Amino acid sequence: MRPSRLIRLALYAGLSGALFPTGLNAQTGARPALPTELQWPSTVFKSVTVTAPETSTLFLPMLELGSGQKLQVGFDDVADRDLNLRYRLVLCNPDATFSPAPLNEIEYIDGQNTLYIEASELSMATRVNYAHYAFEIPAPYQKLKKSGLYKAEIYEADRPDETLLTVPFLVCEPLAAITASVFPSKNVAERLRKQQLSAEIRLTQSDLRLISPEQSLKVYAVQNLNWRTARRLPLQYASGNTYYYQDAPPLVFDGLNEYRNFDIRSLNYAGRGVERLELDADDVWHVFLYNQKSKAGESYVQNDDLNGRFVIKQNHSDASDIEADYAHVHFFFDYPFQPDQQLYVTGDFNNWRTDDESRLYYDGDLGLYTTALLLKQGFYDYMVLLENAKGRQYVPTENNFQETENDYYILVFYREPGGRHDRLIGVEHLNSRE
């Protein structure tokens with residue numbers, strides 16, 4: 001393991017002691033094939049986290065079928081109200097609409113599937129009051145019977161048809177051995193800014209029947225757990241029970257650049273990336289970040305980051321879930337005003353969205369793009385993305401380099417002949433520097 005990798009893992013451990021995975025498409029022209037996205041119809045729910053078991057594949061929100069592992073889900077409600085929340089688990093198809101699989105819930109769950117979120121606590125000694133909710137997957141006396149792609153839907157008890165929050169996760173049954181690698185693009189014209197994957201998938205169970213490998217196997221690649229980069233990989237050829245995925249455009253990803261980040265674990269002093277702190281008339285913290293400039297045209301500079309993720313943490317607290325405060329974080333970006341383009345602040349903390357809340361607006365007096373987001377204390381990675389008038393996202397503000405350290409995940413789904421859902425039979429993590 002390279003030193004930068006060790007530093008990044010140590011930073012995770014030091015910030016939280018837990019793994020928090022949660023997916024604007026940074027890949028030009030790539031339509032997400034596996035849109036497992038967190039849905040926030042309002043901005044009330046904040047700081048959605050999923051804590052994976054230590055045995056999970058590097059930060060992936062995944063359980064192994066029949067293992068007894070648990071996922072811990074947490075989120076905050078910053079509105080002054082008392083919610084009676086429930087949740088249900090839904091087995092889904094890995095398709096472009098994240099549609100429910102045509103199975104009755106009794107076919108994939110043992111136990112009740114309409115459960116109250118009983119664990120809720122009010123924040124303690126914070127300037128912004130909030131309620132913290134938490135639950136585990138699967139719940140006690142509940143068992144998941146099938147592997148695949150799932151989502152937990154959270155809703156108010158008296159409004160079951162209005163989903164307030166959707167949390168995706170995976171359940172895997174390891175029936176395939178995956179060998180994968182990442183390297184600079186083989187296309188000479190783009191090898192300095194693109195990274196390319198290859199994968200070999202060997203089925204380890206003889207009873208897995210494939211009439212047509214292209215239909216029975218669905219293989220996806222995801223970059224940095226940004227689910228909006230997910231794309232299905234085309235099969236190149238097969239030999240015996242081994243299937244090869246290589247030398248095709250969907251295997252080529254933008255190299256991206258190292259993420260920008262800031263540290264607000266303490267509000268007593270300005271941490272990394274923070275210029276100053278202020279209290280407003282309502283006694284609420286405001287965090288002013290340093291002005292940022294476009295990285296277009298710059299050379300690559302190595303910078304250890306969390307590959308777009310965030311970690312909730314208050315310094316010197318063992319109960320950050322309810323003791324960490326919220327602050328208005330002010331972003332500033334030095335970029336020439338372009339009326340036909342929009343700029344967005346995006347990362348795992350806002351589910352990689354490009355919407356009105358995450359948009360940077362041009363301030364003529366400052367001569368800067370700016371916005372303010374209400375964020376909980378912790379450490380945050382983010383990227384500034386540019387969208388043109390046609391709506392296509394790309395990353396000229398950040399630049400692309402094949403040297404950038406990125407995580408990739410290969411997911412293998414299998415549907416048996418006559419089957420009604422896709423089983424997840426293999427997952428592999430790889431890193432561009434390993």
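**Reading the labels**

Modeller: Happy to! Keep in mind that this is a predicted model. Let us start with Arg231, which lies in strand β15, residues 226–232.

Colleague: Why is Arg231 said to have no salt bridge?

Modeller: A salt bridge needs a side-chain nitrogen of Lys or Arg within 4 Å of a carboxyl oxygen of Asp or Glu. For the buried Arg231, the nearest side chain of opposite charge is Asp254, 7.1 Å away, so no salt bridge is counted.

Colleague: Which backbone oxygens lie by polar atoms of the Arg231 side chain?

Modeller: The backbone oxygen of Thr229 lies 2.9 Å from a polar atom of that side chain, and for the backbone oxygen of Pro250 the distance is 2.7 Å. The cut-off for a polar contact is 3.5 Å.

Colleague: What makes Tyr245 count as buried?

Modeller: Buried means under 20% relative accessible area. Tyr245 has 2% relative accessibility, so it counts as buried. This residue lies in strand β17, residues 242–245, and touches Ile201, Leu217 and Leu251, among others. Tyr245 and Ile201 are 44 residues apart in sequence, with their C-alpha atoms 8.2 Å apart.

Colleague: How confident is the predictor in the protein chain?

Modeller: The chain averages a pLDDT of 88, and 89% of the residues score at least 70. Among its elements, helix α1 (residues 3–15) has the lowest mean pLDDT, 48, while strand β19 (residues 260–263) has the highest, 98. Over residues 16–43 the pLDDT is below 50. Where pLDDT is low, predicted coordinates should not be read in detail.

Terms used: Residues are numbered from 1 along each chain as its sequence is written. This is a predicted model: local features need pLDDT of at least 70, side-chain atom pairs count only at pLDDT 80 or more; totals for chains, interfaces and linings use all residues. Side-chain values use heavy atoms; hydrogens and water are left out. Helices (H or I, at least four residues) and strands (E, at least two) are DSSP runs, numbered from the N terminus. Buried means under 20% relative accessible area, exposed over 50%, partly exposed in between (1.4 Å probe, protein chains only). Lys and Arg count as positive and Asp and Glu as negative; His and the chain ends are not counted. A polar contact is a pair of N or O atoms within 3.5 Å; within protein, one must be able to donate a hydrogen and the other to accept it, and residues adjacent in sequence count only if both atoms are side-chain atoms. Contact means heavy atoms within 4.5 Å. pLDDT is the predictor's confidence in each residue, from 0 to 100. Lists of a residue's contacts leave out its neighbours within four places in sequence.
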